[in-house]
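Please look over the sequence and structure shown here before reading the briefing.

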Amino acid sequence: MSSETKQILTTDGIPLEVSLKKAEKKNKIKAFLLVAPLLFFLIITYVFPIGDMLFRSVDDKMVTQMLPKTFKAMENWDGQDLPDEEVFAAFHEDFIKLVEDKREGKLSTQLNYTKNGFKSIIKKLRRASKKFEEGNYKEQIMAVHKRWADVEYWRAIQRRAPEFTGQKYLKGMDMYVNEEGKIVSVEEDRRIHRVLWLRTLEIAFFVTVFCFLMAYPIAHLLATLPMKYSNLLMICVLLPFWTSLLVRTASWMILLQQQGIVNDFFVGIGLVADDNRPEMMYNKTGSYVAMTQILLPFMVLPLYSVMKTISPSLMRAGKSLGGTPFVAFWKVYFPLTIPGIGAGCLLVFILAIGYYITPALVGGASGTLISNQIAFHMKSTLDWSFASAMGLMLLSGVLVIYWLYNKIVGIDNIKLG
Amino acid sequence: MALPKYTEPHYRIWHYIYLTICAAVFFFLIAPLFVIFPLSFNAEEFLSFSDGMKRLDPDAFSLRWYKDMIYGTKNPWGLAAKNSFIIAIFATIGSVILGTVAALGLSSRHMPYKGLIMAVLISPMIVPLIISGVAIFFFMAKAGLAATHTGIVLAHIILGTPFVVITVTATLSGFDHSVTRAAASLGSDPVNTFMKITLPLILPGVISGGLFAFVTSFDEVVVVLFLAGLENTTIPIQMWTGLREQLSPTILAVATCLIILSTLILVTAELLRRRSERLRGINR
């Protein structure tokens, strides 16, 4: 609209442009108000708690607050030789206060994360400290146990001075900050977390590949069969989809156990000897088989919905132009299904990478994934900050895939059933 | 899929190989579910087919484990089933209301930041359950709702809403907005229009979203494991404990009931999907 054009007015005498903008704004607010309840509900109960996880994973205030005077005194310590009496006296003061509040156990747990061996010497110190005399705490504390006279342990305490730390993330990658302040890997035989990350990726990757290989032919069959047959066969895909995860895992536990039906069958056809039945559960095989079957519908459904839209005449055209059926399939049909392949693979991969229940039940020690480790730290060791750190590392991986998924398929295109 | 007569032999062979592969995959998908049925009627305490069962001897079958499920002493299943249904019903109601209203807003073309908001609303479905579990647990512990029904219901509303949002937005994408305008021009207020015009038309989508939310809640174990106390035990929790400790045939009886339930839900969902497609004029 050029500026010379006479402004169009509504009947109220307000310029139309202003009136339209007002209406537009009103509609925007209306739409937003509809979304607002769910949005705020999720932000409070879900998004903030995930932020809380981030905070917990780097939060290291506990020790800082338990030993305030010690850390103050340590500011003047160069960390080379044993600290001075000043530090020992401050530590003694802090420690006595902790014992009064019965919190010295927490301190020992926390310090033990930093360096093994704190648990017993703190217990000894608590007992000995009751008989301590005033003054010369350095001698008295060092006399309790030889580790108290070891400068390494004092450096370990000093490392806990900052309020925030990234060490939980390093621990999740089997790394730590050593005495010189460099980031190094732990010894080869103690790298449990790297093994778990790699195994999680490996299992998620192969489960995705297996699902793809199995889903492609049946999705094709479902998409090309006449409706009355395909509806019937679709039930074979949808029934497992709607059935409880635990029920499906239970059925695999029955099938795969050593006296189970699959083993009976192998013995029956003479593949294996009766006294030498292979272990198919409580290892990786169990995780692979059960997860593939459980996640297969998530691959079939997106593939099917894409294949359904491909006109059969395209294949006929390819063949009539001289392509063999294989060429026609590879050059015409397959490229058209790529959006479905992308959607299915990413969906299955995202689900597989965070799997918990099935690996915990059929995976045994060699088939568990990173999720199981997170649950272990949440429920057994109660190292919640470490569980949070691992969770967020997993989450960032998933978000990258989610972002890719959104680029390739679009979130709006997620189809269910 | 009959082959034309002129098909060359090696394509014919390939075609049969393809059909065999498909049959094998379908078998792999569905057969594990059917193992549970006969074994849940086992008269003995083993989880494999006894010789009597293989001979189809009637004495080898019994309802023993179903009786145990219902009348067994110190049996957790009654309480678990009650809790599961209560939690799932309230979680479904919550998810459906919040999700449908949000979907209405999201489908409006005036909605600002649609992509970002959609991403937030769908996130509980994408984020691995274990992470959701940890986050929700932290929240509920702070809010003092851990080990309460309310806490679990809220958690399941979080997990269930994405399904409702997705199904209802999908239904609304084919929705003809001129009918609501027609209603408005005839003097109907927005609430009345929604109840009388919009809701009946999108009802199939709402119900199928509700079914997803119900199943999500009814089947959910990861988050409940973090939240539940002894009083809040649910069917999945009991199954989880049972499967970890000892696999008793009673679990198979429960599993059979669950399969029957999921069949019913599947049939309902399919009927609704077809009805919805018919209502929206999509003919296939």
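This is a predicted model: local features need pLDDT of at least 70, side-chain atom pairs count only at pLDDT 80 or more; totals for chains, interfaces and linings use all residues.

Residues are numbered from 1 along each chain as its sequence is written, while chains are lettered from A and ligands numbered from 1 in the order in which they are written.

**Confidence**
- The model scores ipTM 0.85 and pTM 0.84.

**Contact between chains A and B**
- In chain A, 73 residues are in contact with 74 residues of chain B, contact meaning that the C-beta atoms of two residues, placed from the backbone, lie within 7 Å.
- With 19 residues, helix α1 (residues 16–58) of chain A gives the most to the side of chain A that touches chain B; helices here are DSSP runs (H or I, at least four residues), numbered from the N terminus.
- That side of chain A has 53 nonpolar, 15 polar and five charged residues, where Ala, Val, Leu, Ile, Met, Phe, Trp, Tyr, Cys and Pro count as nonpolar, Asp, Glu, Lys and Arg as charged, and the others, Gly among them, as polar.

**Domains of chain B**
- An automatic or database domain assignment divides chain B into domain 1 (9–66) and domain 2 (79–279), and the C-alpha centres of domain 1 of chain B and domain 2 of chain B lie 33 Å apart.
- Ten residues from domain 1 of chain B and eight residues from domain 2 of chain B make up the contact between them.
- On the side of domain 1 of chain B that touches domain 2 of chain B, α1(B) gives the most, with five residues, and the residues of that side divide into seven nonpolar, two polar and one charged.

- Helix α14 (residues 284–307) of chain A has 24 residues and reaches 33 Å from its first C-alpha to its last, close to the 34 Å expected at 1.5 Å times one less than its number of residues.
- A:Ile310, in the loop between α14 and α15 (312–320) of chain A, is partly exposed because 17 other C-beta atoms lie within 10 Å.
- Leaving aside neighbours within four places in sequence, A:Ile310 is in contact with A:Tyr333 and A:Leu336.

Technical notes
Helices (H or I, at least four residues) and strands (E, at least two) are DSSP runs, numbered from the N terminus. A residue is buried if 20 or more other C-beta atoms lie within 10 Å of its own, exposed if 12 or fewer, and partly exposed in between; C-beta atoms are placed from the backbone.
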